[in-house]
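Please brief me on the structure below. Cover the ligand shell, the domain arrangement and the strand pairing.

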Amino acid sequence: MANVLTVEHLTKKFAGLTAVNDLSFTMKERTIHSLIGPNGSGKSTTINMCTGSLPITSGTVKYRDEIISGRVLHEVASRNIGRTFQNLKLFGSMTVEENLMVGMQAQMKDGILKFLVSPASAKAEEKRANERAMEVLDYIGMYKYRNETVANLAYGQQKLTELGRSIMTAPKLLFLDEPAAGLNPSERVEFVKILLKVFDDGIDLFLIEHNMDVVMNISNYITVINFGSKIAEGTPKEIQNNDEVIAAYLGSQFKKK
Ligand SMILES: Nc1ncnc2c1ncn2[C@@H]1O[C@H](COP(=O)(O)OP(=O)(O)OP(=O)(O)O)[C@@H](O)[C@H]1O
């Protein structure tokens, strides 16, 4: 299997703090790959660097055969890479449908120019975005909420809306920052079901998550970091039995014989 993501010697320094320290790992095609570690260990910073949200201090990130480190957010997004955020970045006063339409912006970045030059083609693009939004809403089971204002929805539905927005542009690789955080158990079951459907339909998933039931059940491979440095990697079973991971983060409740 080819590598979808190759991270080499990735480092991020914030003033005196090294948030990510010489981190290297690879993610294989057709896997759900999780990045876990204690609070403040550098997980979100790693995703932010991989997706162009944050400049790197040193190191490289490769998507398939192309170096994407050094590229900005919309350039990364235009390579079929999507993401969701730890804290929802939805527009609360807009409807579910409108929030998904915003998700097409990566593909419509020359939209204003197009609108000035050719209003007809801009209209056609908007129609296409609207059709895609309906298709995605149906896919994630949110079609009936399409005209609801996002702020009025339950948290689980807001998270689904964000997931929907992230798949509007049909990414091939999706970064998810704590998708299960804040969900109640039944919302979590529903969300994981949809995530697995997304994966089965061809989108590789890179996940940051603190809920270990979710991580251990759905991941093919796990990278563990502590204080910005990799301390282990392997299958869920290997990670659950790794003494350094148990001491730094997991505790022994997941240990398997
Ligand atoms: N913009 C920033 N400026 C300064 N320090 C930052 C910034 N962003 C993150 N940090 C620091 O970098 C370290 C790593 O933070 P990061 O958010 O990547 O950790 P995390 O593993 O995602 O944590 P959590 O599990 O709590 O979300 C922390 O010490 C954090 O305070």
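Helix 1 gives the largest share of the shell around the ligand in this predicted model, with three residues. Helices (H or I, at least four residues) and strands (E, at least two) are DSSP runs, numbered from the N terminus. The model is predicted, and local features need pLDDT of at least 70, side-chain atom pairs count only at pLDDT 80 or more, and totals for chains, interfaces and linings use all residues. Residues are numbered from 1 along each chain as its sequence is written.

**Ligand shell**
- Strand 2 (17-28) and helix 1 (43-50) each supply at least two residues of the shell.
- Residues around the ligand include Phe14, Leu17, Asn39, Lys43 and Gln86, where a residue counts as near if its C-beta atom, placed from the backbone, lies within 6 Å.
- By class, the shell holds three nonpolar, eight polar and one charged residue. Ala, Val, Leu, Ile, Met, Phe, Trp, Tyr, Cys and Pro count as nonpolar, Asp, Glu, Lys and Arg as charged, and the others, Gly among them, as polar.

**Domains**
- Domain 1 covers 1-80 + 171-257 and domain 2 covers 92-169, with bounds from an automatic or database domain assignment.
- The contact involves 14 residues of domain 1 and eleven residues of domain 2, counting C-beta atoms, placed from the backbone, within 7 Å.
- On the side of domain 1 that touches domain 2, helix 7 gives the most, five residues.

**Strands**
- Strand 1 (residues 3-14) and strand 4 (residues 58-63) run antiparallel, joined by five bridges; pairing requires at least two bridges found by DSSP.
- Strand 4 and strand 5 form a hairpin with two residues between them, and Arg64 in the turn has a positive phi of about 55 degrees.

Note on methods. Contact = placed C-beta atoms within 7 Å.
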